[in-house]
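Here is a walk through one structure, from its pockets to its cores and salt bridges. Have the viewer open while you read.

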Amino acid sequence: MRLPILALLAHGPAHGYELKQQLERLLGAAYPQPNVGQIYVTLGRLEKSGLIEGEEVAQESRPNKRTYRLTEAGREAVAAWFEDTTDEPRVRDEFFMKLALAPHTGMADRVALINRQRRQYLNTMRSLSKLAAAEDRDNRVAQLLIEGAMLHLQADLDWLERCQEEFE
């Protein structure tokens with residue numbers, strides 16, 4: 001959550017609730033909605049580390065709010081984040097670990113595990129299809145997020161087929 005918050009602050013100062021709303025608008029309903037408490041905890045940590053600066057803003061009819069802005073160090077951190085590639089091969093996959101260990105424990109059948117996981121992926125695929133239909137068509141970021149998740153799920157389903165062929 002650190003770097004996405006910093007990236008949002010690159011656009012300009014904001015308070016925690018505004019950042020939450022910006023993330024929700026940008027990513028849509030498919031992305032896990034951020035907890036506002038988590039955002040404020042993250043803002044506190046970012047401020048302590050010198051990546052952002054906070055300022056109290058007086059409000060007439062409400063309690064004061066604290067807005068945050070990016071420091072030069074924060075701007076450098078965001079730039080470095082955008083320069084880094086994302087290297088996340090799915091070698092550490094919990095399902096695969098279950099699949100590998102099942103015969104050693106005698107507590108689970110590999111084909112049953114595969115079938116249960118397939119049902120889960122298909123249910124998730126249906127949920128994502130419904131989300132895609134309900135999502136604002138103009139929110140291309142959210143649509144691409146859903147499409148990417150569905151493509152990953154399809155690849156996972158294909159891989160499960162391959163696993164089942166291997167273990168039958």
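## The second largest pocket

The second largest pocket is lined by Ala-30, Tyr-31, Pro-32, Leu-128, Leu-144, Leu-145, Ile-146, Gly-148 and Ala-149. A pocket here is an open set of points on a 1 Å grid over the protein atoms alone, where a 1.4 Å probe fits, with protein on both sides within 12 Å along at least five of seven lines; lining residues have an atom within 4 Å of a point. The volume of this second pocket is about 170 Å³, a volume being the space filled by probe spheres set on the points, with grid points joined across faces, edges and corners.

Which helix gives the most to the lining of the second largest pocket? That is α7 (residues 140-167), with five residues. Helices are DSSP runs of H or I with at least four residues, strands are runs of E with at least two, and both are numbered from the N terminus. By type, the lining of this pocket splits into eight nonpolar residues, one polar and no charged.

## What you are looking at

This is a predicted model, in which local features need pLDDT of at least 70 and side-chain atom pairs count only at pLDDT 80 or more, while totals for chains, interfaces and linings use all residues. Residues are numbered from 1 along each chain as its sequence is written, and side-chain values use heavy atoms, with hydrogens and water left out.

## The largest pocket

Now for the largest pocket, which holds about 400 Å³ of space. Its lining has 18 residues, and those closest to the pocket centre are Pro-4, Leu-23, Leu-27, Tyr-31 and Trp-81. Helices α1, α2 and α4 each supply at least two residues of this lining, with the largest share, four residues, coming from α2. The lining of the largest pocket counts 13 nonpolar, three polar and two charged residues.

In soluble globular proteins, nonpolar side chains tend to be buried together. In this model, the largest nonpolar core has 18 residues, and Ile-5, Leu-6, Leu-9, Leu-19, Leu-43 and Ile-52 have the most contacts inside it. A nonpolar core means a set of buried Ala, Val, Leu, Ile, Met, Phe, Trp, Tyr and Cys residues joined through side-chain atoms within 4.5 Å. Buried is under 20% relative accessible area, exposed is over 50%, and partly exposed is in between (1.4 Å probe, protein chains only). Two or more residues of this core come from each of α1 (2-9), α2 (16-27), α3 (36-48), β2 (65-70) and α4 (72-83). The top contributor is α1, with five residues.

Beyond its neighbours within four places in sequence, Leu-6 is in contact (heavy atoms within 4.5 Å) with Leu-46, Leu-51, Ile-52, Leu-70, Gly-74, Ala-77 and Val-78. There is also a second, separate core of 15 residues, with Leu-99, Ala-102, Leu-113 and Ile-146 among them.

## Salt bridges

Glu-47, Glu-56 and Arg-66 are linked in a network of salt bridges. Over in helix α7, Glu-166 and Arg-162 are four residues apart, so about one helical turn separates them; their salt bridge has its closest N and O atoms 3.0 Å apart.

Thr-67 lies in strand β2 and is buried, at 15% relative accessible area. Not counting residues up to four places away in sequence, Thr-67 touches Ala-14, His-15, Glu-53, Gly-54, Glu-55 and Val-57.

Val-111 belongs to helix α6 (residues 110-134). With residues up to four places away in sequence set aside, Val-111 touches Gln-164 and Glu-168.

Note on methods:
Ala, Val, Leu, Ile, Met, Phe, Trp, Tyr, Cys and Pro count as nonpolar, Asp, Glu, Lys and Arg as charged, and the others, Gly among them, as polar. A salt bridge is a side-chain nitrogen of Lys or Arg within 4 Å of a carboxyl oxygen of Asp or Glu.
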